[in-house]
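Please look through the structure shown below, and then follow the explanation that comes after it, which goes from one part of the chain to the next.

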Amino acid sequence: MIKNISFLFFLLFALLTQNVYSQNINRSSNGFSDNWELNYNIGFSQFYGDAANSSFFQKFSGEIGLAHNLHVKKHFTPTFALGLNGYYGCIKSHKTQSGSGTAVDFLAMGGYGDITLKAFVDFNSLFWGYDRNRRWSVYGWLGFGYGFFDVG
C-alpha cells in the first residue's frame, strides 16, 4: 500500500513539475541583490540504524520525526552559483529485540543537523551555452560542511 502511494506521489511530482518555472536568470545583472534563490523545506525524517529491528516501512508507525531544510543560493552567472544549506532532522528509533533474540528496550531520540557551503555548476550551460527555454539541466556541486548530532 505504501509503495503504491509513494509511486503515485512520484508520478504526480514528475508530471506536474514539467511546466513549473522558477525565476529566470538573465545575462544582465543589476548588482549583488539580483539572482538569489531561497528555499525552505519541511518533511519527515527517519533514522534506520543499529537502534531498530523493524523494517523500513514499519518505521512509519511512530518512529518518524520532522525535518527542516533552509537553502540560500546566489547565482553569479547562469553557469555558477554559491549556496549555504542548513538541515535539522529528528532521530527516533526503538529496538525491542537484540540480535541474539533477547528482549531489550532501547530508545534512541535526538537530532541531526548540518551546515554546508556549496559551489554549484550547471553542466548544460557550461558545455552547450545558456538557454532560457531549457526544461532540464544537470547540476553538480562541491562543498564542505559541519555535521552534528545528539542522541539520548
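This is a predicted model: local features need pLDDT of at least 70, side-chain atom pairs count only at pLDDT 80 or more; totals for chains, interfaces and linings use all residues.

Leaving aside its neighbours within four places in sequence, lysine 118 touches Ala81, Leu82, Gly83, Asn85, Trp141, Leu142 and Gly143.

Among the contacts with a separation of 6 or more, 57% are accounted for by residues 24 or more positions apart.

The pairing of the strands can be followed from β1 onwards. Strand β1 (36-46) is joined to strand β2, which covers residues 64-75, by 11 bridges, and the two run antiparallel. Strand β2 also pairs with β3, again in the antiparallel sense, over 9 bridges, and these two strands form a hairpin with 4 residues between them. Within this second pairing, histidine 68 stands opposite tyrosine 88 in β3.

Tryptophan 36 lies in strand β1 and stands opposite lysine 74 in β2; with lysine 73, tryptophan 36 is 37 residues apart in sequence but 5.8 Å apart in space, taken from C-alpha to C-alpha. Asparagine 35 is found in the loop between α1 and β1, and this residue has a positive phi of about 60° although it is not a glycine. Asparagine 35 counts as buried because its relative accessible area is 14%, whereas tryptophan 36 counts as partly exposed because its relative accessibility is 35%. Phenylalanine 32 is found in the loop between α1 (2-16) and β1 as well, and since its relative accessibility is 56%, phenylalanine 32 counts as exposed.

Which residues make the nonpolar surface patch of about 1,200 Å²? The patch is made by Phe32, Trp36, Phe76, Phe80, Leu82, Leu84, Tyr88, Ile115, Leu117, Phe144, Tyr146 and Phe148, so that the exposed phenylalanine 32 and the partly exposed tryptophan 36 both have a place in it. Strands β3 (80-97), β4 (103-122) and β5 (139-151) each supply at least two residues of the patch, and the largest share, 4 residues, comes from β3. As a general point, the side chains of a regular strand alternate between the two faces of the sheet.

The patch also leads back to the residue with which the explanation began. Leu82, one of the residues that make the patch, is also among the contacts of lysine 118, and tyrosine 88, which stands opposite histidine 68, is another residue of the patch.

Key:
Residues are numbered from 1 along each chain as its sequence is written. Side-chain values use heavy atoms; hydrogens and water are left out. Patches are made of residues with over 30% relative accessible area and no salt bridge: like charges are joined within 9 Å, nonpolar side chains (Val, Leu, Ile, Met, Phe, Trp, Tyr) within 5 Å. Accessible areas come from the Shrake-Rupley method with a 1.4 Å probe; for residues, only the protein chains shown count as cover. A salt bridge is a side-chain nitrogen of Lys or Arg within 4 Å of a carboxyl oxygen of Asp or Glu. Buried means under 20% relative accessible area, exposed over 50%, partly exposed in between (1.4 Å probe, protein chains only). Contact means heavy atoms within 4.5 Å. Two strands pair if DSSP finds at least two bridges between them.
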